[in-house]
Structure formats: structure tokens, C-alpha cells
Amino acid sequence: MSHSTLPRTAQEPVVPSPATAMAPTTASPAAGPDALLTSPEGEPPAAARTPADRGPLAIWPGSAAPLCHDDIAVGGVPLTELADRFGTPAYVLDEDEVRHRCRAYLRDFPDTDVYYAAKAFLCRALVHWVQEEGLGLDVCSAGELELAVTTGFPPERIVLHGNAKSPADLQTALRLGVGRIVIDSTSEIARLAAAVPAGSRQKVLIRVVPGIAAGGHAKIRTGTDDQKFGLSIADGSAQHAVTRVLAQPRLQLVGLHCHLGSQITTAKPYLSAVRRLVGLLARVREQHGVALPELDLGGGHGIAYRPGEPVLDTAALGAKVRAELASSCAAAGLPVPRLAVEPGRAIVGPAGVVLYRVLSVKRTGAHTFVAVDGGMSDNPRPALYGVRYAPRLVGRGSLAASEPVTVVGRHCEAGDVLATDVRLPGDIRPGDLLAVPVAGAYHLSMASGYNLVGRPPVIAVTDGHARLLVRRESLADIQGRDVGL
């Protein structure tokens, strides 16, 4: 099914934007995998250009284009129009950017299974986009799994993760026929094997801790022995798990898995992981006579949240990883296993923009606080691990000099800060519209019900059209869950 024929919501019919003729558009994904690589004039589209080519819009979706009155169009739709139509806060997701990034991964990692990491953000439309672009899915719960399968995603192309899978998670995975289950602890082995129906076998991978520190913050580094995920090579836990899984007739060990962390911007940690995992594969073959056919390197590919920040070059990563895997296996006398990767943030993060209205401006001594109508309930990441964003005033021109400000949320926490030391016009005032790019990943998926303000909607934009994907959480939704006294 073409992306242009995805179901529309009854509440929000598709309405062409008047900016369609004002902003450049990219080729439709229906034109084929290479349609977005070059424009009719032979120039790469914005999403494929280097950040320096796009100036202040370097970290924005590739379709982002300046309009008059300092507005910006994304997917051919002005952001001011979206704010007026859907209210704020609101997440805007560029469908073509998501699809372009899916295709880029398939191009950068040939002969590789690419699984979209659903924890970054998942909704029914995104399930369709990922399926249509040829990716698999990496899920972490029965909820994510059920949503994907009931939307029509093939369960055999899904991998289930989790350091502490519940009985419901495992039962749902087995009932729906999930393709792979990643074993994260030895206690999970017997429990999973006992749940597999007689006469069948469940394909599994073992999550290995290779002892490599990588990632943008201590809270998102998962490749070392001092955190909750996986089984260590260093203390023998991984080797012990291999032995136990091979002894289970209802489990089929097909490979090893590792995930080093998030926001990794160089290839070096991945190459080190390949060498250590191939070493473990060699020991498995030596001890058990089994050459495991799959190797999943997880994701964690870094993106830029502010102009000038480093970005992982996935094309270079794909070439280097495949070369290292081939040479390491040749040195060990092993057949080359099939590679898998699990990007999430790198696919959906740069495709998103979040819109806020300014509620107040408070100047206290040397500090200026710009408070907006959202905050840590729709984006907890700055409070969790210090992520820095680059908000921008849209929809109003200003001749005032820019000043450093702190953009804060509306919630009753001193830590409810969305962006520190960002420059906005000195005449910033209540009612102004702020847009924050790189908001597609870990915003709605990590959103909370703090202060009962309700979670924002998600709006897809493409080719000058906008449609609602996830509606705003209303007070009625919140009250409906409260069963009373």
C-alpha cells in the first residue's frame, strides 16, 4: 500500500496547505527507493546534503524551508498553521524524512537486517511506514508487540527485547509468533523454554555485554558490566548462557546480540564489539561445534540536537563494520554471520519538531526564563540526562538583538528545563510560537501524566498535507481511568 493511501482519521481530514506552492518538496516515496537521492536538477535533497549546506536548518527535517514572516514549512506545511489548527504543545513528524532515513539504512547496510527500534516512538502509521520501507521491528513489551501485529506487521520480522520480560510479554510473543526473542538473563532461559508449546522451537539470541564504554551519557551506556542489561563475556555469564540455551530442545540459538549504548558518534566502539563478539562465536564453535548464523549489533547511532554537534556517519559505519566482521571471521575460520542493526532515534528523531506557545517571560537578575505550555511531561530527556536543544522563534519577525535565555516548562519542578543558554530575540513575549527540532524520538514515548496536563498530539506532514496520527490526551481520557472512591 502506498503511503499516500494510509487511513486518515475521521476527526482530521487531509487539507492541502496553502504553502504547498511556496516550499520545495521532495520526491514521493512511491517513486522508488532512489527517488529521494537526487532532485530533477541532479542536486541531492535537503535531507541528503551535508549540514553545512543547510545553514541554520542543518538539524531540521530535510523538507524544512523558510517562509515569509519568519515562518518555517515542514513537509510543505507552515508550522504556524499547524499550531493554529492542532493547538500546542504538538509533535510534528515529517513522513518523507522518516522514509528517507529508512531507505538510507538499507542502502548503508546492504545484506543486513535493519530493525526499527520501536521504543524511540511507535504509532500505527509509523508501523505502516517501516513495513512499507522494508525494515523489521525491535520491540520491548507486549504493548508494542500487540500494536505492531494488530496493525498488520509480520510478527516473524519482529525482535523482542527486555532485561525483565514479564510473563505477559513472553506469552504474547509466543502466541503471536515473534521472530526472535533476545535472552537477557540466565533466569529467563528455563522460563521461556517452559512456555514454548510442545513440538515447536523459538528462535533466540543472547544479549552479550562486551565490556565497551560508549554513549553520550552514563545513563545511556549499556555495553559495560556495571549496568542492568545483558550477560558478561568477562565473567563467563555469556558462555554459560550459551551452554544452557543449547541444552533446551524448545529453544533455537541463532546468534548473539549486543547494544553498546546511545548517542555514539564514532565507529570505533562498534568495531571493538565485532572483534569481541566474533571471539565469543569462535569459542562457541570450539566448545559446542555450532557456528551461530546471526550477529545483531543493536543501535545507538548518534544524531545532532544542536547545530555543530557530531553525527554518526552510518554509511562509513556500515562499510567498516562489514569489513571488520569479514576479516575477524576469516581470521577465526568462521563463516560470516548475517548482520543486524537496530536504529531508532537516528530514523525518527530528526524527522520530528515540537511546537510550544510562550506563556510567560521572567527576568530575574542575570537570567531570563521563557516558560512554555509544555515541559518535562512531554520531554523528560533534559531532566533525565541533560540533553540540550535549539528552540527557535517562528511566525514573527524580530529586529531585537538575541539574548541568552533558559526555556522552561510549566511543571512544578525546578528541573523542568527544556533548553539552557539558548539565544532568542530580546523581545520574546507571551503568545510567541517556539519550534524545537529533533523531537521525533523519546518524547511521546517517554511522556508522562505529570500535573495531569495531557500528552500532546502527533501530526504527520507530507507534500503539503497534514493529518493527525495520535490525538491529544484530553481531560476526559485522564478522568476515565480514575474509577473513583
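How many disulfides does the count come to? In this predicted model, the count comes to zero. If the term is new to you, a disulfide is a covalent bond between the sulfur atoms of two cysteines. Cys412 is exposed, since its relative accessible area is 63%, over the 50% mark.

Now head for the inside. The largest nonpolar core has 132 residues, and helix α8, which covers residues 268–288, gives the most to this core, with nine residues. The residues with the most contacts inside the core are Trp60, Leu82, Tyr116 and Leu137. Leu82 makes a handy stop: leaving aside residues up to four places away in sequence, Leu82 touches Val77, Gly87, Val92, Leu355, Ile459, Val461 and Ala466. There's also a second, separate core of six residues, and among them are Val159, Val182, Leu205 and Val254.

Next, take a look at a sheet. Strands of a sheet pair through backbone hydrogen bonds, either parallel or antiparallel. Here, three strands form an open sheet in the order β2-β3-β4, and the pairing is antiparallel. β2 (65–66) and β4 (77–78) stand at the edges; each has a single partner strand, so one side of each is left without a neighbour in the sheet. Start at Pro66, and you'll find its bridge partner in β3 at Ile72.

Notes
Residues numbered from 1 in each chain as written. Predicted model: local features only at pLDDT ≥ 70, side-chain atom pairs only at ≥ 80, totals over all residues. Heavy atoms only, no water. Core = buried A, V, L, I, M, F, W, Y, C linked by side-chain atoms within 4.5 Å. Buried < 20%, exposed > 50% of the residue type's maximum accessible area, 1.4 Å probe, protein only. Helix = DSSP H or I, 4+ residues; strand = E, 2+ residues; numbered from the N terminus. Contact = heavy atoms within 4.5 Å. Disulfide = S-S within 2.5 Å. Pairing = 2+ DSSP bridges.
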